[in-house]
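I kept them in the order in which I looked things up.

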Amino acid sequence: MGEEKGVRRVPYLLDFYPLQGEEHTRIHPFFTHLTEGRLTTTRCKACGEVLWQPRVVCPHCNGEEMDWIDLPQEGELHAFTSVTVGAPMGMEDDLPFVVGIVKLRGTGLKVLARIDGASYEDLSIGQAVRLKVQPLEDGRVWFRFQV
Amino acid sequence: MRKVAVVGTGLGKWGVRSATLKELAQEAGKALFDDVEGLPREEVDSLLVGCALAERLAFQSYVAPLVAEQLGINPTRMLARTELACVSGQSALKMAYMAIATGLSDIALVMGLEKMNTPDMSETQTSMACVLDREWEGVNGMTAPPYFAMVAQRHMHEYGTTQEQMAMVSVKNHRFSATNPYAHFPKEVSMNRVLNSPSISPPLNLLDCSGITDGAAAVLLTHGDAAKEMTDTPVFIEGLGQAATGNLTANLPSLTSWPTMRRAVRDALKMAGATIHDMDLAELHDCFTISEIIEYEELGLAEKGKGGRFIEEGQSDIGGKLPINTRGGLLGCGHPLGATGVAQVVEVVQQFKAQVPSQRYVGGEWGLCHNLSGNANNHGVVVLRRGS
Ligand SMILES: [Zn+2]
C-alpha cells in the first residue's frame with residue numbers, strides 16, 4: 001500500500017511467502033498463473049505423474065520435462081481447524097483464522113490452505129470450498145480457499 | 001559391532017527458564033558428570049548434540065563446539081550436531097551409538113537441548129512454523145497445534161474418539177510429571193481443568209498440548225566391556241528403528257495412521273529380539289494428547305481406532321498393560337525439541353536404576369522410547385535393556 005511493487009516488507013528470514021519471480025525460482029509460472037486466477041501444477045511428461053507442489057525434477061522417474069496443468073478450483077474440506085492463538089508474525093491480526101486440507105474435486109490431490117468466508121463453528125468435514133487468489137501488498141500473490 | 005550401553009544421565013530443570021542455551025548445556029552437563037562421578041573429562045572422546053532451532057531461537061549456529069566448550073571437553077573422535085526437529089535428540093543418540101558400535105568412539109556424550117522461550121513469542125511461533133514446508137504450509141499459519149488438531153478431528157470423525165479420552169492422557173501424564181522436579185509442569189490436573197482449558201486449535205485445548213519449554217538432557221554412552229566397570233547397572237541399547245515418509249502435509253496418505261511409526265517399532269524390536277509385550281515401560285511422543293492415543297494403536301497395543309478405549313481402561317497407567325510416559329511425557333515435562341528424545345532415554349535408565357520417586361517407579365528390564373517429528377511423518381524408536 002503505497003510501497004513499491006515487489007518490495008518485501010519484512011526481513012527475509014521472517015517472510016513466509018515464497019519468492020516468486022523468474023530470478024528466484026524455476027516454478028515462477030505457478031505464480032503467474034495464480035495472478036490469472038488459475039491454480040496449476042506440473043505433470044511429468046515422461047511418466048505422467050501429477051506433482052504437488054510443482055517440481056522441476058520428477059521424484060518418481062527423474063524426468064525433467066514438465067507440463068503445466070490446471071487443477072480444479074473447487075474441492076471439499078478433508079480436515080480443518082482454527083488457529084486461535086500463537087499466530088506467526090504478520091498473521092496476528094487475522095486471529096482467529098481457519099486452515100484446512102482441501103481435497104480437489106475429481107482428483108486424489110489435496111492441498112493445505114487458509115479457508116476464508118466462514119468461522120470454524122460453521123464448518124464441517126466435506127464442506128465445499130473454492131479457490132481464492134490473494135494478492136499480497138508487495139505485488140506477490142498466494143492462494144486460499146473460501147466457502 | 002560392539003554392544004553400546006548408557007552409563008550415565010543428566011537433566012537440568014525444564015521450564016520457562018531465566019537461562020541461556022549455553023547455561024542449559026552447563027546444567028545438564030554438570031548433572032551428568034555428577035552422575036558418573038570420577039570420570040575424567042578427557043576420557044570423553046566424542047560429543048553429539050541434538051538441537052533443532054538454535055539459529056532461529058537463540059541466533060546461534062555451530063552449536064556442537066559451543067556445547068563442548070561449556071562442558072569442558074575436547075572431542076578427539078567425533079563432534080557433530082543433529083537437526084531433525086523434534087527427533088534431533090534421538091538422532092544424536094543414534095550417531096553416538098554408531099560411533100561406539102563401530103569402535104570409532106569409546107566414550108561419547110549425547111546432549112539434547114533447546115532454548116525456546118524468547119522475548120518475542122510471535123517470533124518463536126514464526127520459527128516453529130518453518131519446521132513444516134515454510135513456503136507452502138507454514139505460510140498458511142500452520143504450526144504443530146493446528147496440524148495435530150486436524151489429526152484429532154479426523155480420529156474423532158473416523159473412529160469416534162472423544163475429547164474426554166484425549167483429556168485422560170493429559171491427566172495421566174501430569175500425574176506423573178507431578179513427581180518429577182525437572183518437569184515444566186510438576187502439577188496434577190483434573191479432567192475438568194483439561195476440558196475447560198483455553199482452546200488453542202479446536203478440538204485441542206491448552207492442556208492437550210505440550211508446552212514451549214527450555215531444557216537440556218544428557219546421557220553418556222560407552223561400549224559393553226567398559227560399561228560394566230563404570231556402573232553396576234549399564235543399560236544397553238538393543239534396538240534402533242526409524243522410518244519416514246514425505247514432508248508436505250497435503251501429500252500424507254492419512255492423518256490418523258502412521259505406518260512409518262509401525263515400521264520403526266517393528267524394526268527396533270526385531271533388532272532387539274523382543275516384542276512389544278516384553279516391554280516393562282515406554283516413553284512415547286505425546287506432543288499432543290491425540291498423539292499418544294494413535295501411538296497405542298501403532299505400537300500394536302490397541303486395535304486401530306481403539307486407542308481412546310486403551311487410555312479409558314487405564315491400560316497405559318502403572319498396573320495396566322504397559323505404563324507409558326512415567327516421567328510425565330511431553331505434556332507434563334514440556335517439549336524442548338532437541339532435548340526430548342534424550343530425556344526419554346534418561347527416564348528409562350533412571351527407572352532401571354531405581355533413581356525415580358516411588359510414585360512412578362516401575363523398574364523392570366525392557367523399555368521403549370518413541371520420538372516423532374514434523375507432521376508425524378518421521379518416527380524413531382530406541383529399545384533399551386537393563387544389564388545385570
Ligand atoms: Zn516422472
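I began with contacts in chain A (heavy atoms within 4.5 Å), and found that residues 24 or more positions apart account for 50% of those with a separation of 6 or more. This is a predicted model, in which local features need pLDDT of at least 70 and side-chain atom pairs count only at pLDDT 80 or more, while totals for chains, interfaces and linings use all residues; side-chain values use heavy atoms, without hydrogens and water, residues are numbered from 1 along each chain as its sequence is written, and chains are lettered from A and ligands numbered from 1 in the order in which they are written.

Chain A has one helix and eight strands, and I noted their order from the N terminus as α-β-β-β-β-β-β-β-β. Along the principal axes, the C-alpha atoms of chain A fill a box of roughly 45 × 40 × 25 Å.

For burial I used under 20% relative accessible area as buried, over 50% as exposed and partly exposed in between, with a 1.4 Å probe and protein chains only. By that rule 44% of the 147 residues of chain A are buried. Chain A exposes about 7,500 Å², of which carbon and sulfur atoms supply 46%; the areas come from the Shrake-Rupley method with a 1.4 Å probe.

On a 1 Å grid over the protein atoms alone, a cavity is a set of points where a 1.4 Å probe fits but cannot get out, a pocket is an open set with protein on both sides within 12 Å along at least five of seven lines, and lining residues have an atom within 4 Å of a point. Grid points are joined across faces, edges and corners, and a volume is the space filled by probe spheres set on the points.

The largest pocket has a volume of about 900 Å³. Of its 44 lining residues, B:Pro145, B:Cys209, B:Ser210, B:Gly211 and B:Ile212 are the closest to the centre. In chain B, helix H5 (121-128), helix H6 (144-159), strand S5 (199-201) and strand S10 (366-373) each give two or more residues to this lining, and H6(B) gives the largest share, five residues. I sorted the lining into 27 nonpolar, 15 polar and two charged residues, counting Ala, Val, Leu, Ile, Met, Phe, Trp, Tyr, Cys and Pro as nonpolar, Asp, Glu, Lys and Arg as charged, and the others, Gly among them, as polar.

The second largest pocket has a volume of about 570 Å³, and A:Arg9, A:Val10, A:Tyr17, A:Gly90 and A:Leu136 are the closest to its centre among 21 lining residues. Here I noted nine nonpolar, two polar and 10 charged residues.

Which cavities did the search of the whole structure find? It found two of 30 Å³ or more. The largest cavity holds about 80 Å³ of space, and its lining includes B:Leu11, B:Trp14 and B:Arg360, with helix H14 (residues 337-352) of chain B giving the largest share, four residues. The second largest cavity, of about 40 Å³, has among its lining residues A:Tyr17, A:Trp142, B:Val139 and B:Asn140; strand S8 (residues 141-146) of chain A supplies the largest share, three residues.
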